[in-house]
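Here is a brisk report on one chain. It starts with the ground rules, moves to the overall fold, and ends with selected residues.

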Amino acid sequence: MKFGIICASDRCFRGECEDLSGKAIEECVAALSSENRYLLVPDEVPAISRAICNLADDFGADVIFTTGGTGFAPRDVTPEATKAVIEREAPGISEAIRAKSLEITPRAMLSRAISGIRGKTLIINLPGSPKAVRESISVVLPVLEHAVETMSGNTLSCGGDYKK
C-alpha cells in the first residue's frame with residue numbers, strides 16, 4: 001500500500017514546532033509500506049484540498065491520513081477541505097474511531113473528522129496529537145487492506161463470504 005500523510009498545522013508550517021503527529025502516522029504504517037509521501041500544510045482549505053488531490057491523483061496513494069484541524073477552533077478546517085475533494089463519504093470509519101476514542105476521553109465527541117473516497121484513494125482525518133493518532137490508526141488498520149482491495153474493484157459481485 002502507498003500512504004500519503006498530511007499534517008495541517010499553522011504552527012508546524014511556520015516552523016514554530018515539530019510535527020510529532022505526522023511522524024506517529026509514519027511509524028504506524030512503516031511496516032505496511034516503504035512508499036509514503038508526507039506533506040506539511042497550513043490550516044487553510046485550499047492548501048489542504050490541494051495536498052489531498054496531489055497525493056491521491058498524482059502520487060497514487062491508496063490511503064491518505066490527515067492529522068490536525070478536526071476540532072472546534074476557528075482554523076480547524078480539515079473536514080471542510082476533505083469534503084471539498086472527496087467523491088463519497090465513508091462515515092463508518094470516523095464513527096468507529098470516535099467510538100473507540102470515547103472509551104478513552106469524553107473529548108472525542110468534539111471531533112469533526114470525516115473519512116471519504118476520492119477515486120481509488122481512502123482519505124481519513126485523524127486528530128492532531130500523537131497519542132490520539134496511534135489510538136485512531138489502531139482502529140482502522142485491521143480493515144485497510146480490504147478497503148483498498150474493494151476500492152480497486154476486487155470484490156465479489158454475487159455476495160460471497162465476509163471475513164473477519
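## Ground rules

Buried means under 20% relative accessible area, exposed means over 50%, and partly exposed is in between (1.4 Å probe, protein chains only). Contact means heavy atoms within 4.5 Å. Helices (H or I, at least four residues) and strands (E, at least two) are DSSP runs, numbered from the N terminus.

This is a predicted model: local features need pLDDT of at least 70, side-chain atom pairs count only at pLDDT 80 or more, and totals for chains, interfaces and linings use all residues. Residues are numbered from 1 along each chain as its sequence is written, and side-chain values use heavy atoms, without hydrogens or water.

## Overall fold

The chain has six helices and six strands. Their order along the sequence is β-α-α-β-α-β-α-β-α-β-β-α. The C-alpha atoms fill a box of roughly 50 × 35 × 30 Å along the principal axes.

The radius of gyration, taken over C-alpha atoms, is compared with a globule rule of 2.2 Å times the number of residues to the power 0.38. For 164 residues a compact globule would have a value near 15 Å, and the chain agrees, at 15 Å. Take the contacts between residues at least 6 apart in sequence: 76% of them join residues at least 24 apart.

## Surface and charge

Of the 164 residues, 45% count as buried. The accessible surface (Shrake-Rupley method, 1.4 Å probe) comes to about 8800 Å², and 54% of it belongs to carbon and sulfur atoms.

For charges, Lys and Arg count as positive and Asp and Glu as negative, while His and the chain ends are not counted. Each charge is placed at NZ of Lys, CZ of Arg, CG of Asp or CD of Glu. The chain has 19 positive and 22 negative charges, and their mean positions are 2 Å apart.

## Helix 2

Which residues of helix 2 are buried? In this helix (residues 20-29) they are Ser21, Gly22, Ala24, Ile25 and Val29. They cover an arc of only 155° around the axis, so they lie on the same side of helix 2. The arc is that of the directions from the helix axis to the C-beta atoms. An α-helix has 3.6 residues a turn, so residues three or four places apart point the same way.

The cover over these buried residues includes strand 1 (3-8), strand 2 (36-41), strand 3 (63-67), strand 6 (121-126) and helix 6 (130-151).

## Buried residues up close

Phenylalanine 3 sits in strand 1. Its relative accessibility is 0%, so it counts as buried. Beyond its neighbours within four places in sequence, its contacts include Val29, Leu32, Phe59, Phe65 and Leu144. Isoleucine 137 belongs to helix 6 and is also buried, at 0%. With neighbours within four places left aside, isoleucine 137 touches Ile25, Cys28, Phe65 and Leu126.

Cysteine 12 is in helix 1 (residues 10-13). At 9% relative accessibility, cysteine 12 is buried. Leucine 40 is 28 residues from cysteine 12 in sequence, yet their C-alpha atoms are 7.6 Å apart.

## A loop arginine

Arginine 112 lies in the loop between helix 5 (91-102) and strand 5 (115-118). Leaving aside neighbours within four places in sequence, arginine 112 is in contact with residues including Asp76, Glu80 and Arg98. The C-alpha atoms of arginine 112 and proline 127 are 9.3 Å apart.
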